Amino acid sequence: MTKHYKNEQLMKFLVIIGAIVGLLTIILRLAHLENYGYVDALVALDEIVIFIVGLVIVILTFLVALKPNNPIPFHWLVLIIFAILLVVFGAGIWACVLVLIAGLIGLIEDL
């Protein structure tokens, strides 16, 4: 049995917008364009490795919102973990904030 949130549509919208912003930030980072949303957290890793892992995280974030509970559960804890992974692997702070807000909405509904 799956959990359905009251504000599930808002949460899905925030996650999709966060994934789109993250994808754009990763592409801008690979093109060496300056963007203030990027946090250089992993300095030791190569740009291509950060791009590939960040792209995988963004695709998984899309899948959480578009197919809830099919590949990955649509749960507030998963959204918070993806928010942290987005900022670590180059998707930017704005993508992290949007997905984190969706996760916090789910957390508040569980309380």
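Analyst: Helices are DSSP runs of H or I with at least four residues, strands are DSSP runs of E with at least two, and both are numbered from the N terminus. By that rule the chain has four helices and zero strands. The model is predicted, so local features need pLDDT of at least 70 and side-chain atom pairs count only at pLDDT 80 or more, while totals for chains, interfaces and linings use all residues. Residues are numbered from 1 along each chain as its sequence is written, and side-chain values use heavy atoms, with hydrogens and water left out.

User: In what order do the elements of the chain run?

Analyst: Starting at the N terminus, the order is α-α-α-α.

User: Why is Val-58 called buried?

Analyst: Buried means under 20% relative accessible area, exposed means over 50%, and partly exposed is in between (1.4 Å probe, protein chains only). Val-58 has a relative accessible area of 1%, so Val-58 is buried. This residue lies in helix α2. Of the 111 residues in the chain, 39% are buried.

User: What does Val-58 touch, not counting residues up to four places away in sequence?

Analyst: A contact means heavy atoms within 4.5 Å. On that basis Val-58 touches Ala-19, Gly-22, Leu-23, Ile-26, Leu-86 and Ala-91. The C-alpha atoms of Val-58 and Phe-89 are separated by 9.6 Å, with the two residues 31 apart along the chain.

User: Lys-12 has a charged side chain by your classes. Is Lys-12 buried or exposed, and why?

Analyst: Lys-12 has a relative accessible area of 17%, which is why it is called buried. Lys-12 belongs to helix α1. With residues up to four places away left out, Lys-12 touches Ala-65, Pro-68 and Phe-74.

User: Why is Asn-69 called partly exposed?

Analyst: Its relative accessible area is 30%, so Asn-69 falls in the partly exposed class. Asn-69 sits in the loop between α2 and α3. Its phi is near 65 degrees, a positive value in a residue other than glycine. Most residues other than glycine have a negative phi.

User: What makes a group of residues a nonpolar core?

Analyst: The members are buried Ala, Val, Leu, Ile, Met, Phe, Trp, Tyr and Cys residues, joined through side-chain atoms within 4.5 Å. The largest such core has 28 residues, and Met-11, Val-64, Leu-79 and Leu-86 have the most contacts inside it. Two or more residues of this core come from each of α1, α2, α3 (76-88) and α4 (93-110). The largest share, eight residues, is from α3. Apart from its neighbours within four places in sequence, Val-64 is in contact with residues including Ile-72, Val-78 and Phe-82.

User: Which residues line the largest cavity?

Analyst: On a 1 Å grid over the protein atoms alone, a cavity is a set of points where a 1.4 Å probe fits but cannot get out, and lining residues have an atom within 4 Å of a point. Points are joined across faces, edges and corners, and the volume is the space filled by probe spheres set on them. The structure holds one cavity of 30 Å³ or more, and the largest cavity has about 70 Å³ of space. Its lining is Ile-26, Arg-29, Leu-30, Glu-47, Ile-50, Phe-51, Phe-89 and Gly-90. The elements giving two or more residues to that lining are α1 (8-30) and α2 (47-66).

Definitions and conventions: On a 1 Å grid over the protein atoms alone, a cavity is a set of points where a 1.4 Å probe fits but cannot get out, and a pocket is an open set with protein on both sides within 12 Å along at least five of seven lines; lining residues have an atom within 4 Å of a point.
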